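Work through the exercises below with the model open beside you. Try each task before reading its solution.

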Amino acid sequence: ALIALLVVWGIGRYNQMIGTAEMVDNAMAQIAAQVESRWDALTNLISATKSYQSHEADTLKQIVHERSGVSRQSSVSQIEEDQAQFERAMRA
C-alpha cells in the first residue's frame with residue numbers, strides 16, 4: 001500500500017511539474033508577443049515621425065522661399081502681398 005501511495009504521489013508530482021513548465025512556456029510566449037508588438041508600434045511611430053518631418057521641412061522651405069522676395073528696396077504693396085502669401089502658407 002505504501003509503494004502504491006508513493007507511486008500515485010510521484011505521478012501527481014510529475015504532472016504538477018509538467019503543468020508548471022507549460023505555464024512558464026505560455027508566459028514566455030505572451031511576453032514575446034508583447035515585446036514584438038511594442039517594437040512594431042515603435043517602428044510605426046518612427047515612420048510617422050519621418051513623414052511629418054518631411055512635411056515640416058517642405059513647409060519651412062516654402063516659407064523661406066516666399067519670404068525671400070522682400071528686400072530693403074521693396075515697396076509697401078510688395079511687402080503687403082508677401083505678408084498675405086505668408087499668412088496663406090501658414091494656414092495650409
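Helices here are DSSP runs of H or I with at least four residues, and strands are runs of E with at least two. The model is predicted.

**Exercise 1. Secondary structure**

Task: Determine how many helices and strands the chain has.

Solution: 
- Count the runs: the chain has 2 helices and 0 strands.
- Place the helices. Helix 1 covers residues 2-67. Helix 2 covers residues 76-91.

**Exercise 2. Overall shape**

Task: Compare the chain with a compact globule of 92 residues.

Solution: 
- Start with the reference. A compact globule of 92 residues would have a radius of gyration near 12 Å.
- Take the value for this chain, which is 34 Å.
- Check the extents. The C-alpha trace spans about 110 × 15 × 15 Å along its principal axes.
- Turn to burial. Of the 92 residues, 4% count as buried, where buried means under 20% relative accessible area.
- The accessible area of the chain is about 8200 Å². Carbon and sulfur atoms account for 62% of that area.

**Exercise 3. A nonpolar patch**

Task: Find which residues form the nonpolar patch on the surface, then classify tryptophan 39 as buried or exposed.

Solution: 
- List the members: Val24, Met28, Ile31, Val35, Trp39, Leu42, Leu45 and Ile46.
- Give their accessible area, about 770 Å² together.
- Locate tryptophan 39, which sits in helix 1.
- Apply the cut-off. Exposed means over 50% relative accessible area. Tryptophan 39 has 55%, so this residue counts as exposed.

**Exercise 4. Charges and a salt bridge**

Task: Identify which side chains meet in a salt bridge, and state how exposed arginine 88 and glutamate 81 are.

Solution: 
- Side chains of opposite charge can pair when their charged atoms come close.
- Count: the structure holds 1 salt bridge.
- Name the partners. Arginine 88 and glutamate 81 meet at 3.6 Å, N to O. The cut-off is 4 Å.
- Arginine 88 has a relative accessible area of 45%. Glutamate 81 has 40%.
- Widen the view. The chain carries 8 positive and 11 negative charges, and their mean positions are 5 Å apart.

**Exercise 5. Glutamate 80**

Task: Classify glutamate 80 as buried or exposed, and give its C-alpha separation from isoleucine 63.

Solution: 
- Locate glutamate 80, a residue of helix 2.
- Classify. Glutamate 80 is exposed, at 54% relative accessible area.
- Take the separation. The C-alpha atoms of glutamate 80 and isoleucine 63 are 15 Å apart. Along the chain, 17 residues separate the pair.

Key
Residues numbered from 1 in each chain as written. Predicted model: local features only at pLDDT ≥ 70, side-chain atom pairs only at ≥ 80, totals over all residues. Heavy atoms only, no water. Buried < 20%, exposed > 50% of the residue type's maximum accessible area, 1.4 Å probe, protein only. Patch = residues over 30% accessible without salt bridge, like charges linked within 9 Å, V, L, I, M, F, W, Y side chains within 5 Å. Areas by Shrake-Rupley, 256 points an atom, 1.4 Å probe, with all protein chains shown as cover. Rg over C-alpha atoms; globule rule 2.2 N^0.38 Å. Lys, Arg positive; Asp, Glu negative; His and termini not counted. Charge placed at Lys NZ, Arg CZ, Asp CG, Glu CD.
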